[in-house]
Amino acid sequence: MKATHTAAAGQQPSEQLRYARWLDWGTRLGLLALAGLFLAYGTGMLQPHVPHERMATLWSLPVAQFLAATGLPTGWQWLQFAQHGDVANLIGICLLASCSLPALLALVPAYLQRGERVFAAICLAEVAVLLLAASGVLSMGH
């Protein structure tokens, strides 16, 4: 594999800058979602699924009992409850956890344009692994 791109001393390669720019915007979006949804929850604009007065007693329960007592699901089924303030914050967490996906995908055209198919394939493989891990298909014991 031949490297066709070299950065001048002290300069970052263009693909690193592209990745960083996408990651920066994804992080900003995730943090904005976290802050906005928490504000909506804290001010009462979004009502909680579990009333505040029940939380102190529920927090000490094992997970299975907590889920049974609250009626909350596991896995991606939490999306059904995203209109509730205590669950909506997971949207921001998901955005933060997944912000590397568009950043990796943004590299693929640049690598292909330069003929660096191996690097493009590595980016796509990383995206596939992350999506597979997030899907829950490989989860055990739940």
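Predicted model: local features only at pLDDT ≥ 70, side-chain atom pairs only at ≥ 80, totals over all residues.
**Helix packing**

| Helix pair | Angle between axes | Axis separation |
|---|---|---|
| Helix 1 (residues 14–42) and helix 4 (residues 85–98) | about 175 degrees | 7 Å apart |
| Helix 1 and helix 5 (residues 100–113) | roughly 150 degrees | within 8 Å |
| Helix 5 and helix 6 (residues 117–135) | about 160 degrees | 8 Å apart |

**Helix 1 with helix 4**

Helix 1 and helix 4 pack at about 175 degrees. Angles over 145 degrees count as roughly antiparallel, so helix 1 and helix 4 are roughly antiparallel to each other. On helix 1, the contact is made by Thr27, Leu29, Gly30, Leu31, Ala33, Leu34, Leu37, Phe38 and Tyr41. Helix 4 contributes Gly85, Asp86, Ala88, Asn89, Ile91, Gly92, Ile93, Leu95 and Leu96. By class, the residues of this contact are twelve nonpolar, five polar and one charged.

**Helix 1 with helix 5**

Helix 1 also packs against helix 5, with axes that cross at roughly 150 degrees. That angle makes helix 1 roughly antiparallel to helix 5. The crossing is right-handed. From helix 1 come Glu15, Arg18, Tyr19, Trp22 and Leu23. They meet Ser100, Pro102, Ala103, Leu104, Ala106, Leu107, Ala110 and Tyr111 of helix 5. Ten residues of the contact are nonpolar, one is polar and two are charged.

**Helix 5 with helix 6**

Helix 5 has a contact with helix 6 as well. The angle here is about 160 degrees, and the two helices are therefore roughly antiparallel to each other. Their crossing is left-handed. Helix 5 brings Ser100, Leu101, Leu104, Leu105, Leu107, Val108, Tyr111 and Leu112. Helix 6 answers with Arg117, Phe119, Ala120, Cys123, Leu124, Glu126, Val127, Leu130 and Leu131. The contact holds 14 nonpolar residues, one polar and two charged.

**The largest pocket**

The largest pocket holds about 260 Å³ of space. Its lining consists of Val50, Met55, Trp59, Val63, Phe66, Leu67, Leu72, Pro73, Trp78, Asp86, Val87 and Leu90. Helix 3 (63–70) and helix 4 are the elements that give two or more residues to this lining. Eleven lining residues are nonpolar, none is polar and one is charged. Asp86 lines the pocket, and Asp86 is also part of the contact of helix 4 with helix 1.

Terms used: Residues numbered from 1 in each chain as written. Heavy atoms only, no water. Axes fitted to C-alpha atoms, helices over the stretch in contact; angles between N-to-C directions. Helix = DSSP H or I, 4+ residues; strand = E, 2+ residues; numbered from the N terminus. Parallel < 35°, antiparallel > 145°, perpendicular 65-115°, else oblique. Contact = heavy atoms within 4.5 Å. Nonpolar A, V, L, I, M, F, W, Y, C, P; charged D, E, K, R; others polar. 1 Å grid on protein atoms, 1.4 Å probe; cavity = no way out; pocket = protein on both sides within 12 Å on 5 of 7 lines; lining within 4 Å. Points joined across faces, edges and corners; volume = space filled by probe spheres on them. Left-handed = near helix turned anticlockwise from the far one by under 90°.
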